[in-house]
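Here's a quick tour of a fold and its aromatic side chains. Have a look at the model first, then read on.

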Amino acid sequence: MLDLILSIYEIPVINILVKIIAILVPLLLTVAYFTYIERKVIGYMQVRIGPNRVGPRGWLQPIADAMKLMFKEIIFPSGANRVLFIIAPTIAISTALAAWAVVPFGSEMVLADINVALLYILAMTSIGVYGVILAGWSSNSKYAIMSTLRTAAQVVSYEIAMGFALVGVVMAARSLNIGEIVMGQGGSGILGWYMWPLMPLFVIYFVSGVAETNRAPFDVAEGESEIVAGFHVEYSGILFAIFFLAEYANMILISVLAALMFMGGWLSPFEGVSFLGLGSTFLAGSSIIWLISKTVIFMFLFLWFRATFPRYRYDQIMRLGWKVFIPITIVWIYVVGIMYYVELAPWFTKG
Amino acid sequence: METILFYVFSTFMVLSALMVITVHNPVRAAFFLVLTFFASAAVWLLLEAEFLAVILIIVYVGAVMVLFLFVVMMLDVNLAELKSGFVKNLPIALAVALVMFGTIYYVVGGSQFDIHNFVPPERHAADYSNISELGKVLYTEYVFAFEIAAVILLVGIIAAISLTLRRRPNTRHQKIEEQVAVKSEDRLRVVKLEPQERK
């Protein structure tokens, strides 16, 4: 029986499908409970309790929300382009999930170990903006189209800053393969991580990531006070839920990439550290637990930002992107070049 | 498998390219152009040019077409006006099309580009990195052309900016650096008031 299962697992298509399911099911569960955690965290930050009615301590709240959205009617606005109206959320969710194909969870745990992994993720996020554009245009609504214009300009601007920030990482690691980027940070524990030599790029990467996912304080695309809910104002039921899913999947993707590229991914912070004898315990071993805990830090930052900062004004968002972030990244790329030239230890020593 | 994929994607590409020029709505035409880029990126992937394929998607699909759509959505295009000159200009258009088709056919369809003239390219091993090969060639053999292309792009940027840049002394701007540098003491004064006795 076991042999049969193993031999079925050896068929390439089945093998890949099993891996896809192994990535997507935990991801979607995380998304569901991320929405719950968000409401709880922001609730406590605002001295409220947050959802606590459905199930013990409100743990079944996301499931109740999902059921509600699934059974709601999908309303098509009059004059909407029906085909594009349905394609828009499909693009949003498929690009948000497809990007996960190249994310490694351990030195051997990766679905598609490709050389252009980093560029592939950039490409997927840049296709994702079409979900927003199509949604805004096909709804035939002025609020939706306003939001679309805002989002398109914002995402394209911050993509440049993000791309430049990643150039620094690629220069340091000498590879576009995410697994090799993580491996380039190994050997000297917490000090070996790229967040130290690339600190400005690290900050810019994460802030651009917040702007790319249209999260507070850069959520002018939703702008409840001005344009109701932005590009998905005309969406209801499951189609709205899909946009919601895509947004949260993208947030987790940005978090996991920040952990992988700047904080050593699955590597332990105590690796090769003699301090307190930690270097010899199980804590020094690299494991997926480290990756998850680093990712959770960034996921929490998303929520913390939302509870703390008021929404940016649109012209200030554009100024921050073009006049602050892009010049800093360009200058820092030169600095990285110098660090590379002098072979600054422990990050830039040629192995 | 590869042949099937190639035909699927090239049919997609040709059909969506046809739709770009036949669809009436300009926004839809732009979306079909996106689909064309996407299909051609897939064809490049089959040619083992994974770097170029992904760059095509990032640059053309992710940036250029977004800006295109931006413009097309904002324009108030009068469709009836667009169609009005169709019959009048048809003979000229047909003549131009015929000449172009003839020249392209002469160059590509003739014997010099025949498939039998070329050795089929070799399959590369799994560890072949398209990016590092491209980088090596770009920064050694073609470094001049590469730098010239960069300078041309820079000139393009400067030209585009200088077209929109004009001095308008009468308009009032926000000076953002002043707004950012503002401290609470500039705007708010805390005054200590002696409690007054009620009369």
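## Fold of chain A

In chain A, 76% of the contacts (heavy atoms within 4.5 Å) with a separation of 6 or more join residues 24 or more positions apart. Bear in mind that this is a predicted model, where local features need pLDDT of at least 70, side-chain atom pairs count only at pLDDT 80 or more, and totals for chains, interfaces and linings use all residues. Residues are numbered from 1 along each chain as its sequence is written, chains are lettered from A and ligands numbered from 1 in the order written, and side-chain values use heavy atoms, with hydrogens and water left out.

## Aromatic rings

Across all chains there are 26 aromatic pairs (Phe, Tyr or six-membered Trp rings with centres within 6.5 Å; stacked under 30 degrees between planes, edge-to-face over 60, the rest tilted). One of them is the tilted pair F305(A) and F309(A), at 5.6 Å centre to centre and 45° between the planes.

Buried or exposed, where does F305(A) fall? F305(A) is buried because its relative accessibility is 18%, while F309(A), at 43%, is partly exposed (buried is under 20% relative accessible area, exposed over 50%, partly exposed in between; 1.4 Å probe, protein chains only). Both belong to one aromatic cluster, which also includes F202(A), Y205(A) and F262(A).

## Around Y130(A)

Leaving aside neighbours within four places in sequence, Y130(A) contacts I91(A) plus several chain B residues, including F31(B), V34(B) and L69(B).
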